[in-house]
Amino acid sequence: MNTGWIRCGVALILLGTCHAAGKLGQFEAKGSYTGSPANLTLSATVEPAPQDKGAAGGIYVAALVQNDWLVLGPTGWVPSTMGFPAYRTGPLANTAVPVLSNLDVAAIECAQVFAGYGRTLDAMVGEMTYRSIYQVPALWPRTTPLPCSSMADADAARFLKQATFGATEAEIANVKQLGLAAWINAQFALPASRYPNLPETPSSRPAECDNICGRDKYSLFPLQTTFYKNALTAPDQLRQRVAFALSQILVVSGNEINMAYSYAPYQNILVDNAFGNFRDIMTQVTLSPAMGRYLDMVNNGKPSSASQQANENYARELLQLFTIGLYQLNQDGTVVRDGNGLPVPSYDEEMVRKFALILTGWTYPVKPGAAPAKYNPSYYLGPMVAVATNHENSSKALFNGYVLPAGQTPEKDLADALDNLFLHPNVGPFIGKQLIQHLVTSNPSPAYVARVSDAFANNGQGVRGDLKAVVRAILLDPEARGGMRSEVNYGHLREPVLVGTQLLRALGGQSDGVWLIGQNRSLEQNVFNSPSVFNYYPADYALVDGTEAPQFGIYNTNTAIARVNHLYSMVVSATATGNVITPGKPDTTVVGATGTSFDLSPLVALAGDPAKLVDRLNVLLLHGTMQPTMRDLLVKQVTAAGTDPLVRTRTAIYLTAASTAFQVER
Amino acid sequence: MNMTRRDLMRAAMLAASASGFGWMKALAAPASDYKALVCVFLNGGNDGNNLIVPLNTDEYTAYATVRGGLALPKTSDTPNAALLSLGAPKSQPGREFGLHPALSALLPMWQQGKLAVQCNVGSLVAPLTMAEYKANRNRPYSLFSHSDQQAQWQTAESEEVGRTGWGGRLADAALGLNGGVTIPSLISLSGSTLFGVGRRTSPLVSPASGNFGLSGTGTSASAKARTEGIAALLGMDRNNILAAAANNALGTALNSAAIISPIINNAAAGVATHFTGLTGNFNAQLLAVAKLIEARATIGLSRQIFFVQLGGFDTHSNQISAQEGLFAQLGNSLAAFYKAMEGLGLANQVTAFTSSDFSRTLRPASGAGSDHAWGNHHMVLGGAVKGGDFYGAFPTLALKGPDDIDGAGRWLPTTSIDQYAATFARWFGVADSELTTVLPYLSRFNQTHMGFL
């Protein structure tokens, strides 16, 4: 039997409906004002999943009003004495729950209602083999709901984990003061923190340039350190976070290209346009010499004979990964299926060939001082340039009935073809869903995806592809918000980069990035060096049961242990000077090196009382969502670790950060 | 995989006690019943058209004319540059084929009859004629896409996205033979792999060498507090599917690492001598496999499947030198691995085989490379292999010829992944009646195995 559970936060200013559906059955909980003087009414309905209807079980309903529990017994609402009777038992059927009404809004800040069904609580507690069975007892009576006063804090912290490289206490206060929408607008207005250009990479390193010189001038190292510095301290956090997400969709990798100076211009395209229009990104990425080299569009000449063909590499990935994806999508991101239930492809091999031909005739930008040629020598500053005589310009039928005319210039063909692609209805759901997955949750509901697709299609002023509208829609969506989400497939596994930056920002730490580069390389996220154009992990990676889980593409038995050991190196075994922990000492060969460190004094001061220490970490790292069983465990382990306050503090951080409560961000 | 309460207790016990598993040796299967498969995945789409090349004058000329700059020479003044003659495969008298020269280390195994070639194998939903293909019937999903064709090679499901790999399903089928051993019977030395995900089992992903185990375990109060804390956390947060999956993987890891880590880091392993002088990550993976097989009694499994991977085969440009470098690694390390198995007396019990996303177009692409194609040739190596021979049908190397789907030299496969995989599954011990559990499409094909084992 399945058991479902929904928890719905209802604050006075956030009155509305909370609804969950799917494998577990249907649940709806809602609040509304009635009467005068105003009072609050909470209600819920429970509809068991079809396979559970008629089975023996109970309907369970509880409410949290301010900080007091009420439960719905067979005879009506009663104050809880930590017992949890069923409202109805017997064959499970659709049940409308009697309302809890006449709550005095003057006396309460918030109220929440919970509804679910299942077998008896005891029976459910005992069965651990089917994941959805034990949800009711897991949330009741051991759950500690967020106190009403901290719900706004928790949501602000959650918001910042989605919108930045980590919530800090100062930024949480800022968000609460400005409000979410105004905070986003303020971020839109900030100037971009960009990547500095490197000197042109020589074909071989000059003799006078030693290894350190080579690292600093001719490798991706300075860009990687810039990435981490910006992630940890740049004011334009939202831009950096969105650019990082885009860099994992429109991938160029140093794994294959050794011309380091080509990277700053490429990454700057994504930073500069993170709040721009997706159509501009399409052009600039396509004409980037870094991408041209990576996916072989550069010097992709008009086929000279029947025994040669236009290079299809960029054309294929432009369609498959950068714009529309393999299958026709509904606006809610679900796949269009044919009469046999099979997914309908978005394009065929012939379309790939057409795009490969359309993209012929582009070569490297002309190096200053050099004469333009049909195939310019490699040079990576500025966009690729067209050579009309090397361009195949026959007429081609593209998407949606559009026919590209014959005889056009390479520039016009490119502009027209990218326009045609940009107008394909897949682009919004394809890109929008991936951005949701990077920023918020791996399994957004179709309705959530549809709302983001709508924003992509029209920003409210008739403009398609406005990423400001898309980012706003993603972060302000009701499905992104709330103090605590307990849907069974909510959230995403934190990618290694975010584990490091979010911990450091929460603990008030600092880093020049050097230590983080190496750590995350061993966790399979070597920034700017993904193994292939399919990113560090595939966008469509899923668990056996079909639950989408992209970041699990680099989570396995090896990296699972490595992630815990990463925390050991960072928190437990790192050198301490007083209460300052230094996992990475400053590398004396790096100019301006600061290493990686954080001061645990504020936490150490609490360590005399393990419960206080754990409670503080609950706020800093888990926005107050730590379950009581976990809290009990951590207090016990921290106490067992000994009496040294620093050892206790290290133990507490290590266990909190290693737990899935932190690793799976919700 | 959902974790049972017993698994959780076991994980907790083992995490707390690094010396666990002593009881397991008692369950070890007799060495005579041991078998292992090694899947060697050539990531990126290996160009099979330059793996095996026909040397008969007419066929070679046709090949060289189309390939242009990508053609391998039949003769050369430069040592090790020309194709290595395989002579005539037993089943194809009168023809002559050549092997890529960078694979010279494998030539002796061909001559000894331990290396076979499966021709023109690829993803298929069902037997497919050219007319059906052109009428857009029964096509595998997303042909020519890396991610999807890799998935199809690993899942043997080409109609729709599969969530389990055929290696994992084979591991499921071997559960009975493998007794109660908790170390997964499928071990990947190359990160996460769909190939290894079973319906009932999940793979162990191990590093090829180096640290594999929780840091900072020990007997101090703080070490115990941490280790016991990690073990106890595994049983919490079970509501959320993603959290449960993360905890399950960590639990499997902690169960296995204490046994696996000393084996892969054993510098004194006897098999290591066969790999002397070889370097690189791919070699390290095969060396680790050899060490794990040498230590099979410690692990206690009587059926094991390994996954190793060599990347870089997506040769859209600069193909000649890129493939040459990769093949040198592949050939040298595979030959060393075979000799190591001979040294253990297990050559007949261990079979290695290649897989890859797809082959590449016979017609070169702009940039001295080639594009994504379909049906491909693969190698099978082992003492039990009926080698020195080709299996399946070698395609006609002609643009717009009978095997070419579109004029670029993309071969319509004449053998399916299912038939290729089923040959291994049967040898591994899966009863004919159970084969479709491992390979659900198999019954659509008349020939249910290829005969090379």
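**Ground rules**

This is a predicted model: local features need pLDDT of at least 70, side-chain atom pairs count only at pLDDT 80 or more, and totals for chains, interfaces and linings use all residues. Residues are numbered from 1 along each chain as its sequence is written, chains are lettered from A and ligands numbered from 1 in the order in which they are written, and side-chain values use heavy atoms, with hydrogens and water left out.

**Confidence**

The predictor's confidence in each residue is called pLDDT and runs from 0 to 100. Chain A averages 86, and 83% of its residues score at least 70. For chain B the average is 91, with 93% of the residues at 70 or above.

| Stretch | pLDDT | Contacts in the model |
|---|---|---|
| Chain A, residues 1-24 | under 50 | 106 contacts beyond four places in sequence |
| Chain A, residues 122-145 | below 50 | 70 contacts beyond near neighbours in sequence |
| Chain B, residues 1-30 | under 50 | 49 contacts beyond four places in sequence |

Where pLDDT is low, the predicted coordinates should not be read in detail.

**A sheet in chain A**

Strands (E, at least two residues) and helices (H or I, at least four) are DSSP runs, numbered from the N terminus. Two strands pair if DSSP finds at least two bridges between them. Four strands of chain A form an open sheet in the order 16-19-18-17, with antiparallel pairing. Strand 16 (510-511) and strand 17 (575-577) of chain A stand at the edges. Each has a single partner strand, so one side of each is left without a neighbour in the sheet.

Strand 19 (residues 596-599) of chain A joins strand 18 (residues 580-584) of chain A through three bridges. A:Gly584 has A:Thr596 as its bridge partner. A:Ile581 is partnered by A:Phe598. Strand 19 of chain A also pairs with strand 16 of chain A, over two bridges.

**Where the chains meet**

Chain A gives 78 residues to the contact, and chain B gives 75. Buried area is the accessible area (1.4 Å probe) that two parts lose on being put together, summed over both. Here it is about 5,900 Å², with 57% from carbon and sulfur atoms. B:Asn239, B:Ile241 and B:Leu242 supply 13% of the area that chain B buries against chain A, more than any other three residues.

Between the chains, 33 residue pairs are in polar contact, both residues at pLDDT 80 or more. A polar contact is a pair of N or O atoms within 3.5 Å; within protein, one must be able to donate a hydrogen and the other to accept it, and residues adjacent in sequence count only if both atoms are side-chain atoms. Helix 8 of chain B gives the most to the side of chain B that touches chain A, with 12 residues.

**Salt bridges**

A salt bridge is a side-chain nitrogen of Lys or Arg within 4 Å of a carboxyl oxygen of Asp or Glu. Five cross the interface of chain B and chain A. A:Arg353 and B:Asp406 form a salt bridge at 2.5 Å, N to O.

Within chain A, A:Asp272 bridges to A:Arg194, the closest N and O atoms being 2.8 Å apart. A:Asp272 lies in helix 9 (residues 263-272) of chain A and A:Arg194 in the loop between helix 5 (180-189) and helix 6 (211-218) of chain A, so the pair ties together parts that are 78 residues apart in sequence.

Key: Contact means heavy atoms within 4.5 Å.
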